[in-house]
Every structure is written in structure tokens, then in C-alpha cells.
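The tour below goes from one selection to the next.

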Amino acid sequence: MTCGDYIIHIDNAEDGDKFRIIYQRYSRLMIYCAKKIVNDHHIAEDITQQAFMKVIPRLKTISLEEPEKTKNLLITITERTAIDYYRKEMRKANSISLKDIDSLKTDSDMLVLLQSKKQFINCRIFIRKCLS
């Protein structure tokens with residue numbers, strides 16, 4: 001999305017101008033922060049779009065005169081959005097259905113399933129470290 005695509009979600013011109021400045025100053029940083037977590041540029045761009053949609057309702061509380069505070073807020077929103085994405089994907093990848101269990105025919109199939117669960121647990125540990 002471009003900056004103009006977000007403007008239609010903003011009620012007044014003053015907030016629109018503020019959003020344009022925020023977008024120009026911080027969009028690359030937000031993509032960088034998301035990419036550090038998901039390791040994929042295209043997904044990081046999608047996460048940044050979601051993060052910007054979360055910023056819009058908070059525009060009234062954001063002050064351009066406090067750039068460090070604004071930067072920290074945007075990084076936090078982006079990182080939390082990326083972590084939420086990562087959690088969702090890990091749950092999706094590691095969910096086990098009855099059909100999956102019925103398809104286990106050998107011990108090696110069970111080992112593969114257990115290894116994927118171990119990766120899920122490692123993901124949870126990684127997320128906790130990111131949040132602390």
C-alpha cells in the first residue's frame with residue numbers, strides 16, 4: 001500500500017498530514033523491524049501495513065515533536081504485530097488434526113511430528129525473549 005491508500009481511513013486533514021509524515025519517516029524502519037522477526041520481505045511489508053492500520057486510531061496521541069517516543073511506539077506496534085503473525089503461523093503449522101494422527105503409520109512419522117512440536121516450543125521461547 002502507498003501512503004495515499006491509508007488516507008481514506010483518516011477523518012481529518014490534520015491527521016492525514018501527520019500520517020504522511022509518519023509514513024515517510026518510519027515505513028522503512030517498520031519493514032526492517034518486521035523482517036527481523038519473520039525473515040521474509042513480502043510478509044514484513046504485509047505486517048507493516050497491518051501495523052499502520054493500528055497506528056491510525058492513535059494519531060491524536062502521537063506527537064511529531066517527540067520523534068524518539070513516536071519511533072519507539074511504531075517499533076513496538078510493528079514488533080507485536082509481527083510476533084502475532086509468527087504465533088498464528090506456528091499454530092497453523094503445528095496443529096494436529098485427527099486426520100493427521102490417523103495418517104501416522106511408522107515410528108519415523110511420529111518422530112517428524114514430534115520434531116515439529118519441538119520447533120513450536122522453540123518458537124514460544126523465542127517470542128518470550130522478544131517480549132522481555
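This is a predicted model: local features need pLDDT of at least 70, side-chain atom pairs count only at pLDDT 80 or more; totals for chains, interfaces and linings use all residues.

For Phe52 the relative accessible area is 0%.

Now show the two rings. The centres of the Phe19 and Phe52 rings lie 5.4 Å apart and the planes stand at 70°, so this pair is edge-to-face; planes over 60 degrees apart get that label. Phe19 sits in helix H2 and Phe52 in helix H3, 33 residues apart, so the pair links distant parts of the chain.

Tyr23 forms an aromatic pair with Phe52 that is tilted, with 5.1 Å from centre to centre and 40° between the planes. This pair also links distant parts of the chain, with Tyr23 in H2 and Phe52 in H3, 29 residues apart. Is Tyr23 buried or exposed? Tyr23 has 17% relative accessibility and counts as buried, because the cut-off is under 20%. Through ring pairs, Phe19, Tyr23 and Phe52 are linked into a cluster.

Next, select the whole of H2, residues 13-38, and H3, residues 41-55. Their axes are 8 Å apart, and the helices pack at an angle of about 135°. H2 is therefore oblique to H3. The crossing of the two helices is right-handed.

Last, colour the residues where the helices meet. On the H2 side they include Ile22, Met30, Ile31 and Val38. On the H3 side they include His41, Ile47, Thr48 and Ala51. By class, the contact of H2 with H3 has 12 nonpolar, 3 polar and 2 charged residues.

Note on methods:
Residues are numbered from 1 along each chain as its sequence is written. Side-chain values use heavy atoms; hydrogens and water are left out. Axes are lines fitted to C-alpha atoms, for helices over the stretch in contact, and angles run from 0 to 180 degrees between N-to-C directions. Helices (H or I, at least four residues) and strands (E, at least two) are DSSP runs, numbered from the N terminus. Angles under 35 degrees count as roughly parallel, over 145 as roughly antiparallel, 65 to 115 as roughly perpendicular and the rest as oblique. A crossing is left-handed if the near helix is turned anticlockwise from the far one by less than a right angle, and right-handed if clockwise. Contact means heavy atoms within 4.5 Å. Ala, Val, Leu, Ile, Met, Phe, Trp, Tyr, Cys and Pro count as nonpolar, Asp, Glu, Lys and Arg as charged, and the others, Gly among them, as polar. Rings of Phe, Tyr and Trp (its six-membered ring) pair if their centres lie within 6.5 Å; planes under 30 degrees apart count as stacked, over 60 as edge-to-face and the rest as tilted. Buried means under 20% relative accessible area, exposed over 50%, partly exposed in between (1.4 Å probe, protein chains only).
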